[in-house]
Structure formats: structure tokens, C-alpha cells
Amino acid sequence: MGVKEEPNKEILDPWGSSLIKDYERLFTLFGISPITDELISSFPATHRLLRRKVIIGHRDLERILSAIKEGREYAVMSGIKPSGEFHLGSKLTAEEMIFFQRLSPRATLYYCIADVEAYNDNRQPLHVSEEIALSNIMDMLALGMDPKRVYVYRQSDELRVLRLASLLSRDVTYSTIRAIYGDKPFGLYISALIQVGDILLPQLPEFGGPKPTVVPVGIDQDPHIRLTRDLAKRHEKDFGFILPSATYHRLIRDLTGREKMSKRNPMGMFTLTEDLKSIKYKIMSAYTGGRPTAREQREYGGDPDSCMIYELLRVHFEEDDSFLKDLYYRCKSGEIICGECKQVAVERVLRWIEEHRKKREKMRGLAEKLLKEHRI
Ligand code: SF4
């Protein structure tokens, strides 16, 4: 599994590139609850990421579902590092945030531009983050974010986040933070504390006080959630924090099928603003579950479960469950082979990207307004 073993402890690395092999073991190790069918059925709306078990784990999600049912307010909080254009991984987190924002009119989305993390992890200057963040917000709006119920802010600008991080750091010793994150540059430990401030920001009096908060993230971000919940509990008397809830999505493989999808390997991912020819090339070069020859594949069928083309459609670009089911069986039976299938995938992905680009261009003015709104 993508968990580093150190003497007497195991570490899940939010900045690493490993994939997870054994989710059940991870759930047991860190006390994460699985997303069950029963839980899915209690959502007021469905989403392909839930139905297809891309979102697989949670902490205290029942608290959010109760708030929705009872019409109480809650916060959706997540941050995206503005270290590049939205790629498939950021699209996934963005869609989850928007899903939770749209589940209830009482939900407010807190969108954090994680420029301090980009500075510490990617050595990216703050002014570069600002430019990229504008493009990221255009994507968020095009994906369906409701601009009337969102608080967009930069980590480096939001003094309340920085103040919270510094107050709550009182209870964090070097051995505690090392036990959670392993040996890292001090800047990343500070980024982790700032993320604690981000997650608890919606519960400050200026934002209406303590409230249920859900943080949709990839499962490799769980260390931040654990640290936040621990500190929220320790400071409950001072701030009255409600322990934040979280949902976790699986770590998605990149197009090579070998690594976690990330910007580190450009052939393994594409961005939503990338040249269409380049996207097509990457899809056509992706790892598949096909057989060595077309003859063998027609005879024995392919393996969609290990195929990145199938994964691309299942996780990111195909809403129609029956289309996917049909493709799965056509692949298994050898009725369709990889060359034809990749063409189908290219058409569907490029169509989606072109539609998305038309929408995002119309959002530029609104995105600029949201970006400036809470500027200090
Ligand atoms: Fe993947 Fe399609 Fe080939 Fe099946 S036919 S292995 S789904 S590319």
C-alpha cells in the first residue's frame, strides 16, 4: 500500500506519489469508515463518483447528511494548490466540492487557493499562484460552482487562517507532527498547520460560528484531517469547534497505469486547457487492458478493470451508467478492441473538453470578481 513504514508507525504521505493497494487495511489503521450502499441511499441526490465507488471512505459524514435533512447550515471546505491548470485530479476534487455545495441551499463552499502550500511544496512565487488561481476558478464556475454561496480566499492573505494555525500550534510537538507526516521540510509542517486553519475557518464567529463542515479530498490527505480533528478537540473549550467530517476518494492512477495521477508525469495526465492534439495523443498512448494482438483480444476479451481508457471514462467523462456497462461487457467479450475503443474515448473526452472550454470562457469576469472580493 502507499503507506511508508517507519519503526512502530506507518505514514500516509499527502505530498507523495504512491498508490494505495490495500484500502481496507488503511481504513483499519486510521479509523476511516467505508461509504456503504446504505449511506449512499441516504443522500438526497446521486453522483457518479458515489455510485461508482470512487468516493470510498469518510469520517462522520452522517453529521452532514443530518444537516441536509434538517435544513441546517453546513460548510464545504477544500483547497486546491494553484500550481498549474486544472487536471483530471483537481477536476475530481472540484466536482466533489460542487456536489456537496449543491446538495443543500444551506451549504456554503469555502474554496481555498493553497498558495502557501504551492510556495513551500513547489517553490512557486505567490504572484504566479494568483494568475493560475484565476483560471482554476473559471473551471470551478464552469463545473457548476454556485457563485452566490462561495467564499474564495488565498491562504497567504487570510489572516484568520494564519492566526488559527499559530494559536492551535501550541499543542503540536515535533514528535507529533513527525509521527503523522514523517520527516519533511519545516515549511511543509507549517503548511499542514495552515491547512488546519483552513479547515476550521468556517467555524469562526465571523462566519457564523461552529457548524458541520465536510472536507472532500483524496485519501492521501487524511493526515491533515486527523491533525485537524485532534486539534479541534483539544481547543473545543476555547472555540466550540465541531469535529470536521471528510470524504475520501480513491487515488486515481495516471494514464500510464503505474503511478498516482499528478503533474509530475505529464504523459500520465492532461489539463482541461491543454492542446486538443496533445490530449488525443495521450489518450491514444494510454495503458490499456488489451491483449498483445487483435486476434487474441477478439478471442479472449480485454480487461477493463486494469484499463486506463475505461478508467478515464468511468471516473471522469462518462455520466451514462448503461453506456459504461455496455462497454465493459463488449470489452470482456472481445466484441470491441482497444483501437476502436480509444477512438470512442477520444471523441467523448474531446467533446466534453470543448463544451467545458466554452463555458469557462464566459466565467472570466465572474472569476476575477470572486478572486478580488476578499483580497486584503
Ligand atoms: Fe480498455 Fe477498451 Fe481495450 Fe477494453 S477494449 S481493454 S476498455 S481500451
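Two strands count as paired here if DSSP finds at least two bridges between them. Strands (E, at least two residues) and helices (H or I, at least four) are DSSP runs numbered from the N terminus. What you're looking at is a predicted model, so local features need pLDDT of at least 70 and side-chain atom pairs count only at pLDDT 80 or more, while totals for chains, interfaces and linings use all residues. Residues are numbered from 1 along each chain as its sequence is written, and side-chain values use heavy atoms, with hydrogens and water left out.

**Figure 1. An open sheet of seven strands with mixed pairing.** Reading across, the order is β3-β4-β9-β8-β5-β6-β7. At the edges stand β3 (33-34) and β7 (150-154), each with a single partner strand, so one side of each has no neighbour in the sheet. As a reminder, strands of a sheet pair through backbone hydrogen bonds, either parallel or antiparallel.

Figure 2. How many residues of strand β4 (residues 55-59) are buried? Five of its five are, where buried means under 20% relative accessible area, exposed over 50% and partly exposed in between, using a 1.4 Å probe and protein chains only. Two bridges link β3 and β4 in the antiparallel sense, with Ser33 partnered by His58 in β4. β4 also pairs with β9, again antiparallel, over four bridges, and here His58 has Thr247 as its bridge partner. On to β8 (residues 213-218): five bridges join this strand to β9 (residues 245-249), and the two run parallel. Pro216 stands opposite Thr247 in β9.

**Figure 3. Helix α13 (residues 276-284) and its buried residues, Ile279, Lys282 and Ile283.** Seen down the axis of α13, these buried residues fall within an arc of 100° (taken from the directions from the helix axis to the C-beta atoms), so they line one face of the helix. They pack against α15 (308-317) and α17 (338-361), with contact meaning heavy atoms within 4.5 Å. Turned away from the buried side are the exposed residues Lys277 and Tyr281.

**Figure 4. The largest pocket, with about 980 Å³ of space.** Of the 45 lining residues, Pro14, Lys81, His87, Asp220 and Gln221 are the closest to its centre. On a 1 Å grid over the protein atoms alone, a pocket is an open set of points with protein on both sides within 12 Å along at least five of seven lines, a cavity is a set where a 1.4 Å probe fits but cannot get out, and lining residues have an atom within 4 Å of a point. Helix α5 (88-102) gives the most to the lining, with five residues. By class, the lining splits into 16 nonpolar, 19 polar and ten charged residues (Ala, Val, Leu, Ile, Met, Phe, Trp, Tyr, Cys and Pro are nonpolar; Asp, Glu, Lys and Arg charged; the others, Gly among them, polar).

**Figure 5. The largest cavity, holding about 120 Å³ of space.** A search of the whole structure turns up one cavity of 30 Å³ or more; grid points are joined across faces, edges and corners, and a volume is the space filled by probe spheres set on the points. There are 17 lining residues, and those nearest the centre are Gln297, Cys307, Cys331, Cys338 and Cys341. Which helix gives the most to this lining? That's α17, with three residues. Ten nonpolar, five polar and two charged residues make up the lining.
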